[in-house]
Amino acid sequence: MEVQALRLHFSQLIKAWEKSKHNTYFDKGKDHYQETLKYLIKAISDENFTLFNSAQIEERRRIINFIFKSLGILDSSTTNQFPFEIIHCLQHALDEWVDPSNEKFVIVTSLINSYDDFYSFDGNLALDDVAYNIIQKVYNLTFEYRLIQINLPKFLARDYFSNIVLYHELGHFIDFKYQITAPFAIEIQDKYNNKKYNASDLVEFQKFFPYEFWKREYLDVLTSHLREYFSDLFAAQYIGKYSENLLNYVSGGPLAAHAISGTHPSTKNRGDLVKDFLKNNSSTFINDLKVAINLTSGKELKVRYSSEIKNSNLIKLLPIEIKTGDELSSVFVAAWELYDTYTNQIEKQNNFKYPLISSKVYEIINNLVEKSIGNYIVTSNWEKSKNVLS
Amino acid sequence: MFLAKNQLEKLIKQEKLIISPLLDNSQINEMTIDFRLGYDFLVSIQGRHPYLNSASHIPTDGAFYHFFQETRRNFGDTFLFHPGQTVLGATLEYVKLPENVSAILSPRSSYNRLGINLSTVIQPGYCGCFSLEITNTSHNPIKVRVGATMFQARFVKTKKTNYFSKERKYICSVKPEISGANKDQDLKLLELINKPIS
Amino acid sequence: MLHSATSSKPTFSTFQLFVYQILNGNNVYKNSVDNIISEAYSLSKGDKNMYTVNRSYFALIYHLSTRFTEFLNTIDIQNIKNEEYQYLYDKMQNESELIMH
């Protein structure tokens with residue numbers, strides 16, 4: 001019966017694969033991944049299932065699930081509306097945190113129709129070391145690339161005002177990859193219980209964790225809240241305060257600012273922490289977190305957007321000239337700064353004889369952000385290829 | 001009088017004529033500048049509506065969106081133009097014209113000979129990627145490379161005007177946009193002439 | 001919901017599967033299992049801390065180091081015996097929940 005169930009599972013996979021194996025993708029990482037899947041499926045099909053014991057059947061079950069999950073992600077990333085501008089920005093940030101010469105992650109996009117549950121980052125497949133381990137051990141196959149899936153709403157796929165929240169989602173991935181906040185939560189409890197915090201530290205921790213955070217039964221809540229705080233700070237490195245501004249609005253504004261749940265801290269506290277970080281205010285919480293980040297990832301939590309990138313070009317109706325990848329996210333900050341404080345600068349500068357309606361202002365700035373990033377991608381690819389030819 | 005190479009170069013140097021990105025200075029010719037095919041397209045398809053209604057001033061009557069499908073390619077990828085198909089595209093280059101220079105965009109001769117056709121006049125002071133309304137008039141599909149210099153623009157000196165003296169439908173476009181024919185103010189008037197209020 | 005994220009964590013069952021294979025004479029996972037036990041041992045001894053142990057299996061390693069302290073104290077980390085794998089397997093069999101949330 002167990003063997004028949006495995007045969008059924010594998011037959012279902014083959015049916016799905018018949019359709020997916022002809023997919024074409026935008027980049028070589030996905031092509032390479034698909035090629036490895038092909039070898040893996042061939043290797044399984046060459047096996048005699050009747051010879052397997054229970055453990056071997058269980059191994060195959062997990063591998064088949066892994067392949068199904070991969071196909072699900074790959075199938076939804078063949079879209080001909082691939083939002084490569086935002087993906088390029090996220091990939092650049094990812095490469096700053098995970099050296100691409102050691103580990104190769106490919107961000108794949110799934111455009112979804114739902115407005116609820118819309119922005120999410122699924123690192124399940126990328127971080128499933130167990131599956132990769134089994135595949136390597138059983139079939140001697142290694143996936144050179146790993147897939148990270150981001151989901152975003154189809155109708156906002158090219159909206160750069162909202163898409164900046166994906167930096168927060170990337171933060172979650174980095175956290176899971178390096179396991180930063182899980183030990184940090186334990187450390188906070190240990191330090192509190194061993195009376196390692198001074199009076200002002202305690203005031204700070206009590207503010208950000210307004211419950212009995214030192215008790216073992218609150219470890220899960222503390223860890224969940226730390227995950228959100230970490231990802232907020234991670235995003236703030238790239239886009240300053242603007243992710244939090246948006247979060248405030250979608251969470252219900254000032255009326256809901258103090259609401260706290262088992263998984264999320266209050267938006268008020270999240271905003272305050274980001275402010276402390278950006279203003280470099282003295283904070284034991286942030287300093288200790290920085291140490292934890294450095295110990296686990298070897299990286300530094302710091303402001304990474306450049307205040308040198310101004311919105312003057314946008315006001316002149318021109319794209320911003322981005323010179324290096326490090327400046328990419330600064331364009332979002334510049335755009336938000338202009339939009340947030342908009343007082344007809346565009347009309348004044350360009351001698352408009354009529355006022356722009358608000359949706360037109362949004363469209364102009366959004367278009368210019370897209371073109372700024374697009375121009376950077378095109379120019380850098382052009383230069384790279386030119387160097388290869390010469 | 002078309003602007004010559006030295007005049008075009010001077011305008012670019014003075015940042016009065018902005019072309020971004022200008023990947024290669026060799027795109028500037030004796031009296032034209034070459035423009036590249038961008039990566040965003042709106043491809044005409046057969047929709048559920050019986051026809052494209054550009055005769056009505058009510059935008060939904062036209063339902064132009066139903067007749068076009070959005071698609072994009074990577075820079076350097078290929079794109080296929082089918083015979084008789086209308087494809088809306090945009091130049092790779094974002095352009096800001098001086099207030100006293102207009103542009104006339106056409107295919108480069110090499111692409112014209114294959115059957116690629118378009119003709120666009122751009123007003124002085126325009127800013128955005130040039131809109132491309134391309135038709136393959138040949139009997140064969142034509143495969144092209146995204147980023148190829150398929151188009152050329154001639155620049156003409158005009159009287160100084162203010163592009164934003166009247167409301168504009170397309171400002172800072174960076175990708176093809178569906179026709180705004182339904183938004184033409186004249187349409188209401190013409191409809192009224194056809195069916196006067198008694 | 002605007003901000004959501006998921007990620008996998010190695011579970012008991014996977015580690016158990018590896019140990020089960022060893023007990024069945026299949027040694028392909030022996031290195032992986034021994035490395036995890038060795039990391040848990042280093043953590044419990046204080047040779048490594050929570051931030052320096054293997055990141056991929058952190059939750060599992062931390063769990064072993066806190067819940068299997070006695071077991072870790074008795075084994076020879078260079079030469080883990082079959083009955084010790086068996087002990088580990090049986091003990092874990094009784095714990096069905098995820099290692100850490």
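Trainee: Which residues does A:Ile239 touch, not counting residues up to four places away in sequence?

Mentor: Leaving out those sequence neighbours, A:Ile239 touches A:Ile164, A:Tyr167, A:Tyr305, A:Ser329, A:Phe332 and A:Val333, where a contact requires the C-beta atoms of two residues, placed from the backbone, to lie within 7 Å. This is a predicted model, in which local features need pLDDT of at least 70 and side-chain atom pairs count only at pLDDT 80 or more, while totals for chains, interfaces and linings use all residues. Residues are numbered from 1 along each chain as its sequence is written, and chains are lettered from A and ligands numbered from 1 in the order in which they are written.

Trainee: Which residues have the most contacts inside the largest nonpolar core?

Mentor: They are A:Tyr167, A:Ile239, A:Val331, A:Phe332, A:Ala335 and C:Ile61, in a core of 158 residues. Such a core is a set of buried Ala, Val, Leu, Ile, Met, Phe, Trp, Tyr and Cys residues joined through C-beta atoms within 7 Å. Its largest share, 11 residues, is given by helix α9 (residues 219–239) of chain A, helices being DSSP runs of H or I with at least four residues and strands runs of E with at least two, numbered from the N terminus.

Trainee: Why is A:His168 called buried?

Mentor: A residue is buried if 20 or more other C-beta atoms lie within 10 Å of its own, exposed if 12 or fewer, and partly exposed in between. A:His168 has 28 other C-beta atoms within 10 Å, and therefore counts as buried; the residue lies in helix α6 (residues 166–178) of chain A.

Trainee: What makes phi of A:Gln179 and then of A:Leu317 worth a remark?

Mentor: For A:Gln179 phi is near 50°, a positive value in a residue other than glycine, and for A:Leu317, also not a glycine, phi is positive and near 65°. A:Gln179 is found in the loop between α6 and α7 (181–193) of chain A, whereas A:Leu317 has its place in the loop between α13 (312–315) and α14 (328–340) of chain A. A:Gln179 is buried, because 27 other C-beta atoms lie within 10 Å, and A:Leu317 counts as buried because it has 22 C-beta neighbours inside 10 Å.

Trainee: How do you know that chain B is as compact as a globular protein of that length?

Mentor: The globule rule is 2.2 Å times the number of residues to the power 0.38, and the radius of gyration is taken over C-alpha atoms. For 198 residues the rule gives 16 Å, and the radius of gyration of chain B, 18 Å, is close to that, so the chain is as compact as a globular protein of that length. Its secondary structure comes to 4 helices and 12 strands, and buried residues make up 32% of its 198 residues.

Trainee: What joins B:Ser20 and B:Pro21?

Mentor: A cis peptide bond joins them, with omega about 5°, and B:Pro21 lies in the loop between β1 and β2 (33–35) of chain B.

Trainee: How many residues of chain B are in contact with chain A?

Mentor: On chain B 21 residues are in contact with 23 residues of chain A. The elements of chain B that give two or more residues to this side are β1 (18–20), β4 (68–72) and β6 (86–96).
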